[in-house]
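Trainee: Could you take me through one part of this model up close? I'd like to look at the place where the two chains meet, with a bit of background on each chain.

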Amino acid sequence: MVAKYEDVFSGIFLLVVSVIMFFTAYSFEALTTSLVGPAFMPQIIAIVMAIFSVVIAVGGFRKSKVIPEEKNSPEQHKEELIVTEKRSYKPVLISLGLMIGYVILLPYIGFLIMTVIYIFLQMLILSHITHRKIWLFLLISIVTSATIYYLFRNVFYVMLPTGIIG
Amino acid sequence: MFDMLFAGFGSVMTLQIIMLIAAGVALGLVFGSIPGLTATMAVAICLPITYGMDPIAGMSLLMGLYIGGVSGGLIPAILLKLPGTPSSIATTFDGYPMAQNGEAGKAFNYAIVSSFLGGLLSIIVLIMIAPPLGRVALQFGPFEFFAIVIFSLTLIASLSGDSLPKGIMAGLLGISFAMVGAAPIDAFPRFTYGFTDMNAGFNLLPVLIGLFALSEIFISAEKKVKKGLNAKLSKVNYKVSIKEYIAQGWNFLRSSLIGLGIGILPGIGGGTSNIIAYVAAKSSSKKPEEFGKGNPAGVVASESSNNAAVGGALVPLISLGIPGDTVTAMLLGGLVLHGLQPGPLLMQNSGDVVYGIFAALLIANVFMILFLFMGMKGFIRLLSIPQHILYPIILALCVVGAFGVNNRLFDVGALLFFGVLGYLMIKFGFPLTPLVLGFILGPLLETNLRRGLMLSQGDFMPFLTSPIAAAFLLVAAASVVFAIYSNHKKKKGTSVLNV
């Protein structure tokens, strides 16, 4: 369903983006007396983007008409494979949530602890149930986090957030 | 020229830098050989390590990674029919059948030697043509530069990806993201929507790492792999006679030149060149029916062209400051990080670094052939490390890299944003390379346009009357027409790259 109309969706979304871009650029003030101010390029780009988003959306709409249910285009074919191989978007969303949590808590809890937690949980999410070796994962996440932390702080001088310890 | 090159060798011939190059090649080979990890990722992760180094040392490490990353893909391509990187797709066509026929060692020999020679040839060409090209480019004013950037952008948009409108759209998106923050010339803050964090705009590194490394992690989260890769190589017989090498001479030369030419064109590199070189080898062969069944010529064509693309891609980066592919885009980020200004002035202001880069490339190429012949068993063993262990570690390193640019968490947020964007773009069938190149070239485009218009007092005509600018704009227009034509043809089912 989504695969069938993917170009229509992305085209319409990009059209909205280009319209917002075009009108935001109206508020840019020219600080030089030059003919072409800071609003010129954004507006040109926004117009060209709008044209191509319509091209993409219309093309996608036509494609969805030509191949109503039959799966013969390469994209459709790929989608079919995905279903049989049981692709799921749930782990993607969980991973994203985990990454956001990791980044938000990083300055408060600190790199060392948060990275252990992140790597461990992310390994659990990515691995198949038959491959979950809890102790191995825990060991890898602790060793990795500690190595990165000390290497970057003391050898490469990247001041990673210390948080509650340090 | 030679005295500069000797000086370059002089500056990299320290124990520390030689070790860095060797480590870079080894790590690059590991990243290249594990499917799902790429040379782009290897460079992305190692950039933060170079923050504290001096420019020559840092760039030497990155050159090692580049050479190793492009070359490592041949291992799984021959053993498992899985290209380790897009650069080795065509290697699977004949390399895998050769391995099935019990000639894995022979296939490795052909692949490794042609990688080495293809790389060597392209580095020599790079050393010969980049400096004079840079000197010519010094004469360019804003009109010429504007035209060259337009030319590069149209090439990228039309050559990468399957759909022309989507390629162009990705390029436009890249230009748009580059507009966030202070405008060129008058520094008016644009598209910040009141967030002061956005005033400085998006840094190149989080954009690159997010698009190319993070998006892969999201893709891998979709599907859980039950079985790890299992490659075995019991007895290796590398033996290939001199006569057999000489028989591949012409094929090697043609493929290397294809790789070199494609590498020089902005936006496409080893990923495209190996397939085109393979098709060329097949169609000019007297026995095309033997291709795909284990013909060494297929392996030679693919592997010599993808390594030749390395030197080619560095030509526009060093002489013009325009990256030729995604890895060179990352290298451009590395140059900026070390306070070097990419562009025609690079050669003049930091000639020592440029010749250091040349010397590092030559040394890295030698390490590559040594490591591949001596350490093959080890690299094969590494193939079995599962992705669910590698990817979380890579993400942690990406976060360190993004954070380390400015010690700001905003950059880490940008990393996540571009990771999600990259994932969505892959899902909706948009190519990523035009976005990156648009992001890098957009500011150049606008600066030169506005500078040119200030110079001509608002007159657009000099953009067309300058002969060099007009020539580039003409070629740009021609490439768009050609892309529309081939796009149209492809829709009818006769793809240009039909293998």
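Mentor: Of the 166 residues in chain A, 27% are buried. Keep in mind that this is a predicted model.

Now for the meeting place. On the chain B side, 54 residues are in contact with 57 residues of chain A. The elements giving two or more residues to that side of chain B are H9 (164–179), H10 (204–222), H19, H20 (409–427) and H21 (433–455), every one a helix. H19(B) supplies the largest share, 12 residues. Sort that side of chain B by class and you get 35 nonpolar, 10 polar and 9 charged residues.

Let's zoom in on H19(B), residues 387–406, and its partner H5(A), residues 111–126. Packed helix pairs are described by the angle between their axes and the distance between the axes. Here the axes come within 8 Å and cross at roughly 145 degrees, and the crossing of H5(A) with H19(B) is right-handed. From H5(A), the residues taking part are A:Thr115, A:Tyr118, A:Ile119, A:Gln122, A:Met123 and A:Leu126. Facing them in H19(B) are B:Gln387, B:His388, B:Ile389, B:Tyr391, B:Pro392, B:Ile393, B:Leu395 and B:Ala396.

Two other spots in chain B round out the background. Helix H7(B), residues 104–138, has 35 residues, so at 1.5 Å a residue it should span 51 Å; its end C-alpha atoms are 49 Å apart, which agrees. There is still a kink of about 30 degrees in H7(B), at B:Ile129, shortly before the proline B:Pro131.

The other spot is B:Asn307, which sits in helix H14(B), residues 296–320. B:Asn307 counts as buried because it has 35 C-beta neighbours inside 10 Å. Leaving aside neighbours within four places in sequence, B:Asn307 touches B:Val70, B:Ser71, B:Ser115, B:Gly118, B:Gly119, B:Ser122 and B:Gly259. B:Gly259 is 48 residues away along the chain, yet its C-alpha atom and that of B:Asn307 are separated by 7.3 Å.

Notes:
Residues are numbered from 1 along each chain as its sequence is written. Chains are lettered from A and ligands numbered from 1 in the order in which they are written. This is a predicted model: local features need pLDDT of at least 70, side-chain atom pairs count only at pLDDT 80 or more; totals for chains, interfaces and linings use all residues. Axes are lines fitted to C-alpha atoms, for helices over the stretch in contact, and angles run from 0 to 180 degrees between N-to-C directions. Helices (H or I, at least four residues) and strands (E, at least two) are DSSP runs, numbered from the N terminus. A crossing is left-handed if the near helix is turned anticlockwise from the far one by less than a right angle, and right-handed if clockwise. Two residues are in contact if their C-beta atoms, placed from the backbone, lie within 7 Å. A residue is buried if 20 or more other C-beta atoms lie within 10 Å of its own, exposed if 12 or fewer, and partly exposed in between; C-beta atoms are placed from the backbone. The expected span of a helix is 1.5 Å times one less than its number of residues. The bend at a residue is the angle between axes fitted to the seven residues ending there and the seven starting there. Ala, Val, Leu, Ile, Met, Phe, Trp, Tyr, Cys and Pro count as nonpolar, Asp, Glu, Lys and Arg as charged, and the others, Gly among them, as polar.
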